[in-house]
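Please examine the sequence and the three-dimensional structure shown below. The paragraphs that follow lead through selected parts of the chain.

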Amino acid sequence: MSIILKNLLLTILIIITLWIQILFAGNENISSRQESKNILTNSIVIENYILQLKAVLQNNPKLIKERLILGRLYLEQGNPSAAEQELKILLQLNVNTKEVLLLLGYSLLAQGKAREVLEQIKPPNPISSSLRSQLAILYGQAYLILKEFSAANASFTEALKWGGVTVSARIGLSLAALNTNNLERAELEINQAVINDANSVEAW
């Protein structure tokens with residue numbers, strides 16, 4: 001019976017996720033042709049911007065802001081491998097800001113490099129409560145991919161301790177519970193996520 005309930009809950013979560021993607025994809029009045037045109041235009045703009053940034057960095061490879069933007073654009077473009085390369089150059093330049101660490105972490109996760117996230121993304125010293133919380137979320141997501149659910153639970157719990165990303169932490173706790181057949185805890189955490197932020201897209 002628990003397996004049936006687990007599968008049902010997974011199905012419901014998938015349906016909710018797909019519904020959210022459809023609901024927030026854009027204006028309902030925009031035709032599919034216009035949407036395709038907008039996507040194509042945006043892709044061309046990003047590609048042109050990338051080419052310009054690469055040219056600038058070729059002449060001055062130590063420009064931090066430009067390389068950070070390039071890494072972000074690569075990730076937005078769906079090229080996490082290229083993003084990883086640019087962001088690691090920033091780390092070599094001793095730039096370990098919040099944005100660099102998080103972008104690098106998610107570029108690694110996008111490639112399925114969960115273990116590398118845990119090994120390579122280290123918290124700076126000193127570290128703010130906000131970054132500590134966001135890194136805990138990142139580590140928790142890596143542990144979920146690695147199916148280390150106890151460690152994932154600990155990371156998401158740590159994120160709650162530092163605040164700022166309550167909904168993401170609750171959803172992470174729900175997923176960890178779901179994967180250990182603790183359906184009651186999974187439901188409790190999802191409900192708590194909705195209570196904490198009723199306007200959150202993630203929770204709904």
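Just after helix α3, G78 takes a positive phi of about 90 degrees. Helices here (H or I, at least four residues) are DSSP runs, numbered from the N terminus. The model is a predicted one, in which local features need pLDDT of at least 70 and side-chain atom pairs count only at pLDDT 80 or more, while totals for chains, interfaces and linings use all residues. Residues are numbered from 1 along each chain as its sequence is written, and side-chain values use heavy atoms, with hydrogens and water left out.

Helix α3 has 14 residues, which at 1.5 Å a residue should span 20 Å; its end C-alpha atoms are 20 Å apart, in agreement with that expectation. The expected span is 1.5 Å times one less than the number of residues in the helix. Within α3, the residues R67, L68, I69, L70, G71, L73 and Y74 are buried, where buried means under 20% relative accessible area, exposed over 50% and partly exposed in between (1.4 Å probe, protein chains only).

The axes of α3 (residues 64-77) and α4 (residues 80-92) come within 7 Å and cross at roughly 160 degrees. That angle makes α3 roughly antiparallel to α4. Axes are lines fitted to C-alpha atoms, for helices over the stretch in contact, and angles run from 0 to 180 degrees between N-to-C directions; angles over 145 degrees count as roughly antiparallel. The crossing of α3 and α4 is left-handed, a term used if the near helix is turned anticlockwise from the far one by less than a right angle. Contact means heavy atoms within 4.5 Å. On the α3 side, I64, R67, L68, L70, G71, Y74 and L75 meet P80, A82, A83, E86, L87, I89 and L90 of α4. The residues of this contact divide into 11 nonpolar, 1 polar and 2 charged. Ala, Val, Leu, Ile, Met, Phe, Trp, Tyr, Cys and Pro count as nonpolar, Asp, Glu, Lys and Arg as charged, and the others, Gly among them, as polar.

A cis peptide bond joins N125 and P126, with omega about 5 degrees. Most residues other than glycine have a negative phi, and most peptide bonds are trans.

Helix α7 comes next. Its 17 residues should span 24 Å at 1.5 Å a residue, and the end C-alpha atoms are 25 Å apart, which agrees. The buried residues of α7 are L131, S133, L135, A136, I137, L138, Y139, G140, A142, Y143 and L144. What covers them includes α5 (98-110), α6, α8 and α9. After α7 comes K147, whose phi is positive, near 65 degrees. K147 is found in the loop between α7 and α8 (149-162) and is exposed, with a relative accessible area of 62%.

Finally, N181 is placed in the loop between α9 (166-178) and α10 (183-196). Phi of N181 is near 65 degrees, a positive value in a residue other than glycine. N181 is partly exposed, with a relative accessible area of 47%.

Terms used
Helices (H or I, at least four residues) and strands (E, at least two) are DSSP runs, numbered from the N terminus. Angles under 35 degrees count as roughly parallel, over 145 as roughly antiparallel, 65 to 115 as roughly perpendicular and the rest as oblique.
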